[in-house]
Amino acid sequence: MEVTQQQAPKDIGWIEVVAGCMFSGKTEELIRRLRRAQIARQKVVIFKPRIDNRYSANQIVSHNTQTLESIVIDKAEDILSLSKDAQVIGIDEAQFFDMSIVGICDKLANDGKRVIVAGLDQDYRGVPFEPMPQLLAAAEYITKTLAICVVCGNPADRTQRKIANADRVVVGAADSYEARCRKCHYIPD
Ligand code: ZN
């Protein structure tokens, strides 16, 4: 669910997580929420890990090419020093950060900030993708975005890898993946 104006906590921070497979609209949803905050003249800052170099170095970009200026960082700790003045903090591609991102999001929320995190909750095998499970557990608000299975048209929550590669992370290869439902998804050899 998303936080509405009526529900919004007063004088405390919180964590929202937008989790799902590739092509499910995670980044679009993150951008939508951050834009709403910008329109309300809240101080917004957006981070993404350097590992994700597709399309643009310093913007977050969804697959339908909506963009928002973002700060590319090498490690999760950089978020703390760069967020001091922010009221709302967006983090994209959170699955590419190490586990320290969980404590950092908690600290930001404890300091009264709204933290919105988007990321892949499963890897290409369907295995929970750390640190997303831990972020989901730490969050007050969780949204699971679903794509549409390219094979059968059912709601899809898995990312199908179409190339043979056993590495957990293969970056910059969006055309090597597609969304599949649990029936149509398989683990490539
Ligand atoms: Zn299917």
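Contact here means heavy atoms within 4.5 Å. By that criterion, residues 24 or more positions apart account for 70% of the contacts with a separation of 6 or more in this protein. The model is a predicted one, and its chain forms four helices and 12 strands. Of the 189 residues in the protein, 50% are buried. The accessible surface amounts to about 9,300 Å², with carbon and sulfur atoms contributing 50% of that area.

Helix α3 gives a handy view of the interior. Within this helix, which spans residues 100-110, the buried positions are I101, V102, I104, C105, L108 and A109. Viewed down the axis of α3, these buried residues fall within an arc of 165°, so they line one face of the helix. The packing partners of the buried α3 residues are the strands β1 (14-20), β6 (88-91) and β7 (114-120), together with the helices α2 (78-82) and α4 (132-138). After α3 comes G112, which has a positive phi near 95°.

Turning to the metal site, the zinc ion has four protein donors, the SG atoms of C149, C152, C181 and C184, at 2.3 to 2.4 Å. Along the sequence, the donor residues follow the spacing C-x2-C-x28-C-x2-C. The angles subtended by the four donor atoms run from 103 to 120°, and the arrangement is therefore tetrahedral. For comparison, the ideal angle for four tetrahedral donors is 109.5 degrees. C152, with a relative accessible area of 33%, is partly exposed.

Definitions and conventions: Residues are numbered from 1 along each chain as its sequence is written. This is a predicted model: local features need pLDDT of at least 70, side-chain atom pairs count only at pLDDT 80 or more; totals for chains, interfaces and linings use all residues. Side-chain values use heavy atoms; hydrogens and water are left out. Donors are N, O and S atoms within 2.8 Å of the metal (3.2 Å for Na, K and Ca); water is not among the atoms, so sites may look incomplete. Four donors count as tetrahedral if all angles lie between 85 and 135 degrees; four count as square planar and six as octahedral if opposite donors are over 155 degrees apart and all others between 65 and 115; anything else is irregular. Buried means under 20% relative accessible area, exposed over 50%, partly exposed in between (1.4 Å probe, protein chains only). Helices (H or I, at least four residues) and strands (E, at least two) are DSSP runs, numbered from the N terminus. The arc is that of the directions from the helix axis to the C-beta atoms. Accessible areas come from the Shrake-Rupley method with a 1.4 Å probe; for residues, only the protein chains shown count as cover.
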